[in-house]
Amino acid sequence: MPELPEVETIRRDLAPLVAGRRIEAVEVDPGTIHLLSDLSLGDLRSALVGRRIESLGRRGKYLLFELDDGQALVVHLRMTGRLVWRAADAPPEPYERARIVLDASSPLSLDEGEGSGVRVHHLRWSDLRKFGTWRVVGDPEAYLAKRLGPEPIDAAFSFAAFRAAVQGRSASMSIKAVLLDQRRMAGLGNIYVDEALFAARIRPATPANGVSAQALKRLWEATRRVLEQGIENRGASFKDYVDGQGNQGSQHMHVQVFRRTGKPCYACGTPISRTVVAGRGTHFCPRCQPARRRRHED
DNA sequence: CGTTACCTGAAA
DNA sequence: TTTCAGGTAACG
């Protein structure tokens with residue numbers, strides 16, 4: 001569910017609320033702990049309780065709670081994970097599996113009633129499918145560096161960097177599979193890949209090494225644009241995604257092709273097609289994203 | 001590389 | 001009843 005824009009929205013919501021607070025307690029549903037973490041509940045508590053959260057960061061689709069002992073709690077929401085800020089007396093979330101109890105006062109968030117403030121709050125973790133993960137790691141940079149390529153929305157992510165990521169080794173795979181590969185660039189998922197390929201007018205199944213230089217340039221720009229737009233619209237809430245306060249985003253109302261199978265393309269009116277590429281449901285306009293013309297064998 | 005498994009629904 | 005789901009790791 002959550003791709004880079006969704007995770008970044010959550011980060012921006014929660015960062016000012018959690019920064020400077022101390023973790024008072026950690027509670028986890030006993031039936032979930034072995035899926036959520038590689039630590040026992042006791043070891044997870046030992047690592048977290050009493051620590052102060054210094055900041056909340058993001059890399060790709062991971063959230064990083066940076067702790068005052070140099071370790072970090074690295075959270076991945078996978079398909080249905082949610083992390084929302086709630087007053088301690090708020091009723092349980094649907095499919096709530098864990099909570100982190102935070103201290104009432106914080107030097108960074110002086111209270112204004114509502115939201116932040118003097119009352120005790122929880123981070124509530126809910127996860128219908130239980131795919132989400134919490135890892136406590138000593139060196140988050142190293143932990144993520146070996147799993148993730150560069151951030152596609154960084155100013156430093158130049159066209160040259162994009163081209164290198166796309167063309168680096170075994171480029172006969174589909175361009176969609178390449179964009180989904182987190183080690184090439186971090187943060188794209190099924191929604192934003194389909195949207196970027198539509199915006200760049202490239203058919204998702206096109207072999208990566210068959211994308212022209214011109215189309216590649218369009219794709220670089222489109223990738224960054226759709227991610228930025230997703231952040232502006234606070235993420236896409238097709239089903240499970242909510243932000244750090246539990247509210248839906250609006251990006252799902254602005255998609256051009258994702259889950260619009262059979263509906264008219266906004267550009268040309270042709271019905272949107274659905275196929276499977278890279279093992280994922282894939283949406284595209286057969287007219288705006290033409291199949292690459294096969295070169296004539298003479 | 002593509003496929004399967006992880007888990008629990010919602011929708012067709 | 002069957003298929004599909006915004007993600008990834010493991011498998012062949």
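This is a predicted model: local features need pLDDT of at least 70, side-chain atom pairs count only at pLDDT 80 or more; totals for chains, interfaces and linings use all residues.
**Salt bridges within the chain**

The side chains of Arg 124 and Glu 96 meet in a salt bridge, with N and O 3.3 Å apart. The two partners belong to distant parts of the chain, since Arg 124 sits in strand β7 (residues 121-127) and Glu 96 in strand β6 (residues 96-102), 28 residues apart. Salt bridges that share partners also join Glu 8, Arg 11, Arg 12, Arg 58, Arg 59 and Glu 151 into one network. In total, the structure holds 17 salt bridges, and the table lists some of them.

| Salt bridge | N to O distance |
|---|---|
| Arg 124 and Glu 96 | 3.3 Å |
| Arg 86 and Glu 93 | 2.7 Å |
| Arg 135 and Asp 38 | 3.2 Å |
| Arg 234 and Asp 13 | 2.8 Å |

In the salt bridge between Arg 135 and Asp 38, the closest N and O atoms are 3.2 Å apart. Arg 135 lies in strand β8 (residues 133-137), while Asp 38 lies in the loop between α2 (33-36) and α3 (41-48), so the pair ties together parts that are 97 residues apart in sequence. Asp 38 counts as exposed because its relative accessibility is 55%.

Chain A is divided into domain 1 (4-145) and domain 2 (159-297). Their contact takes 19 residues from domain 1 and 19 residues from domain 2, and the C-alpha centres of the two domains lie 30 Å apart. The size of an interface is often given as the accessible area lost when the parts come together. Here domain 1 and domain 2 bury about 1600 Å² between them, with 57% of it on carbon and sulfur atoms.

Between the domains there is one salt bridge, and nine residue pairs are in polar contact. On the side of domain 1 that touches domain 2, the largest share, ten residues, comes from α1. By class, that side of domain 1 has eight nonpolar, three polar and eight charged residues.

**A buried aspartate in a loop**

Asp 181 is found in the loop between α6 (175-180) and α7 (190-199). Asp 181 counts as buried because its relative accessibility is 16%, and its side chain reaches the backbone nitrogen of Arg 183 at 3.0 Å.

Methods
Residues are numbered from 1 along each chain as its sequence is written. Chains are lettered from A and ligands numbered from 1 in the order in which they are written. Side-chain values use heavy atoms; hydrogens and water are left out. Helices (H or I, at least four residues) and strands (E, at least two) are DSSP runs, numbered from the N terminus. Buried means under 20% relative accessible area, exposed over 50%, partly exposed in between (1.4 Å probe, protein chains only). A polar contact is a pair of N or O atoms within 3.5 Å; within protein, one must be able to donate a hydrogen and the other to accept it, and residues adjacent in sequence count only if both atoms are side-chain atoms. Domain bounds come from an automatic or database domain assignment. Contact means heavy atoms within 4.5 Å. Buried area is the accessible area (1.4 Å probe) that two parts lose on being put together, summed over both. A salt bridge is a side-chain nitrogen of Lys or Arg within 4 Å of a carboxyl oxygen of Asp or Glu. Ala, Val, Leu, Ile, Met, Phe, Trp, Tyr, Cys and Pro count as nonpolar, Asp, Glu, Lys and Arg as charged, and the others, Gly among them, as polar.
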